[in-house]
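Have a look at the structure first, then read on.

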Amino acid sequence: MANIETFGQETRIFPAPAEFSKTAAISGMDAYRALVAEAEQDYEGFWGRLARENLQWHKPFTKVLDESNAPFYKWFDDGKLNVSYNCLDVHLQNGNADKVAVIFETDSGDVSKITYRELHKKVCQFANGLKSLGIKKGDRVVIYMPMSVEGVVAMQACARIGATHSVVFGGFSAKSLQERIIDAGAVAVLTADEQARGGKRLPLKSIVDEALALGGCDSIKNVVVYQRTGGAINFVAGRDLWLHELVAAQAETCEPEWVDAEHPLFILYTSGSTGTPKGVQHSSGGYLLWAALTMKWVFDIKPDDVYWCTADIGWITGHTYIAYGPTAVGATQIIFEGVPTFPNAGRFWDMIQKHKATIFYTAPTAIRSLIKAADADKNIHPSQYDLSSLRLLGTVGEPINPEAWMWYHKHIGGERCPIVDTFWQTETGGHMISPLPGATPLVPGSCTLPLPGIQAVIVDEAGHELPDGHGGILVVKRPWPSMIRAIWNNPERFKSAYFPPEFGGKLYLAGDGAIRNKDTGYFTITGRIDDVLNVSGHRMGTMEIESALVAHPMVAEAAVVGKPDDTTGEAICAFVVLKRSRPTGDEAKQIAKELRDWVAKEIGPIAKPREIRFGDNLPKTRSGKIMRRLLRVLAKGEEITQDVSTLENPAILEQLKEAQ
Ligand code: 6R9
């Protein structure tokens, strides 16, 4: 992994291929600069033009941006539209009804295709089904579904009737699901009997049952179950229904609910540095505008493309770049149910070959683990597959180290495909800093330049802009259409988390550190500056994991830090003090296992600490603050060279040095 000293030092440069630039949506740096200048000269005019050109409005907006109640910004506020109408009906009207919308491949390799006409019908029937249950505009609906056409249909069906969805990743535990249901005040859960992943069947419906049994979910009236595997499940009479029975008799069209541009399209929970996960609330108009526009600008989507984003719909990437972006622009996309390593680690390359994918978007962690697998087994090395259909690659979720970038470029992109390293967040709704494939010269490990209209800068602790070449805090100076609108149920937390008073309440704080190259102005993200970990591209709050650990009856205290990992970016390392004496040897191993399983149950398997170390205490200052920076050094296995004079109990460091 790159470290702070090498950030921004990369000298290899890959200009945009001339062939690519010829047909690119934004061709050449002059075209990029012209858009940047347009936004600078007339910010509202720029966004207003794009919103009129890229979306169909039921009622046109007259005002672009309302800053009167900042930071609660409003975009296109008096305009009305429907997101599902923009993603489906428009293609039926413009001659694309029979175009393939989704190529779906199951875990075991079965392939089915669905056209825009068929997708529209499914969404309408699902929407009518939801309406028949009394679900209406403004209601919240939790979606706990596997990667499937039905998952996307469920999201679009909510959008069609103006219900606000909250998708919960299928790997989260019953407790995490329950907390989200309660916070959102959801009226229904849409789920499946089971999900098929990596040759295994994993429960979903039974976890929903468990979540509801934990209590507090009285707002839930119905659970709708998509039959995916046919595995046995329990049915609660009057509450639970099969999806196929619900939609069977429903009409094939459904008049869209025209909503205000600011109507909440969805809430998606994500980890912050403190407290419980935050319900990030997104709008309808501004969000969809940026989803569509970045599909065109960053992915350069064309009518013949076969686009594939490998994310799960449980994360923001699956929202913007599977459920909404590709459909908004009428693209053909691959949706994959399974995992990259089943039946073997050549699965992605096999699917690119089979479906002739032209655009491929994945996470650095997947690339790194597939590099290892390809090195270990020549039969699944990408050179064994025909990947010549590809024309553009992308990455998202975490910094990509230059070595992995070079491998991706050479072995997957055939040294021909540009790579868009897209920096963005759940809160930003879509790409923020990213190369434009037909314009921006690429530098491995750098997400390059802010997209037109995005005013990203680097500031110091006092909010003053720093000159290029100095590392600092990444902020955005002006609101943009797809930005987070609120934290559900918590306006105060929204303000303090994203528009802190130290920065005058005006700068959007991303939570990442960054550095800008002195010569090129290119950004390199140096990682989170708060207590948020990034494990395999998944955001995890250290506090959340600590709270889960201390909820175990044996645990007195816990501190969680990240430790650099070649494959997953960061790994979770927990330092734990038990209520009883400090365990050693086999006993320590056994208790560590119990605690890891406990965390999986409390939050989900992705939150399991890789390593647990037991101490009689934790390193603390005299005022009782845990010194996490020391724990980070210990987790890395390095010697402590920092000043430890404020430490109350230096002897403890020796004890915590070794993993059990
Ligand atoms: C889309 C998504 C957001 C955090 C973000 C940052 C990290 C995402 C990145 C990147 C470096 C990139 N991140 N993309 N870091 N380069 N291209 O991942 O959203 O799950 O909310 O995570 O991920 O740390 O702050 P989310």
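Let's start with Ser-173, which is buried at a relative accessible area of 7% (buried means under 20%, exposed over 50%, and partly exposed in between, with a 1.4 Å probe and protein chains only). Keep in mind that this is a predicted model, where local features need pLDDT of at least 70, side-chain atom pairs count only at pLDDT 80 or more, and totals for chains, interfaces and linings use all residues. Residues are numbered from 1 along each chain as its sequence is written, and side-chain values use heavy atoms, with hydrogens and water left out.

**Around Ser-173**
- Ser-173 sits in the loop between β7 (164-167) and α7 (174-184); helices (H or I, at least four residues) and strands (E, at least two) are DSSP runs numbered from the N terminus.
- Apart from neighbours within four places in sequence, Ser-173 is in contact with Ile-207, Ala-600, Lys-601, Glu-602, Ile-603 and Gly-604, where contact means heavy atoms within 4.5 Å.

**Annotated positions**
- An unreviewed UniProt entry gives the feature "binding site" at Gly-397, Glu-398, Pro-399, Asp-421, Thr-422, Phe-423, Trp-424, Gln-425, Thr-426, Asp-512, Arg-528 and Arg-539; the positions use the numbering used here, feature names are shortened, and annotations may be inferred rather than shown by experiment.
- From this set, Phe-423 and Gln-425 are part of the lining of the largest cavity.
- Trp-424 is in the loop between β20 (419-422) and β21 (456-459), and it is buried, with a relative accessible area of 8%.
- The side chain of Trp-424 makes a polar contact with the side chain of Tyr-361 at 3.1 Å (a pair of N or O atoms within 3.5 Å; within protein, one must be able to donate a hydrogen and the other to accept it, and residues adjacent in sequence count only if both atoms are side-chain atoms).
- Arg-539 belongs to strand β27 (residues 538-541) and counts as buried at 16% relative accessibility.
- A polar atom of the Arg-539 side chain lies 2.8 Å from the backbone oxygen of Ser-271.

**Cavities**
- The structure has two cavities of 30 Å³ or more; on a 1 Å grid over the protein atoms alone, a cavity is a set of points where a 1.4 Å probe fits but cannot get out, a pocket is an open set with protein on both sides within 12 Å along at least five of seven lines, and lining residues have an atom within 4 Å of a point.
- The largest cavity holds about 50 Å³ of space, a volume being the space filled by probe spheres set on the points, with grid points joined across faces, edges and corners.
- β22 (472-476) and β24 are the elements that give two or more residues to the lining of the largest cavity.
- That lining of the largest cavity has nine nonpolar, two polar and no charged residues (Ala, Val, Leu, Ile, Met, Phe, Trp, Tyr, Cys and Pro count as nonpolar, Asp, Glu, Lys and Arg as charged, and the others, Gly among them, as polar).

**Second largest pocket**
- The second largest pocket holds about 490 Å³ of space.
- It is lined by 21 residues, and the closest to its centre are Ser-273, Ala-497, Leu-509, Ile-529 and Asp-530.
- The largest share of the lining of this pocket, four residues, comes from α15.
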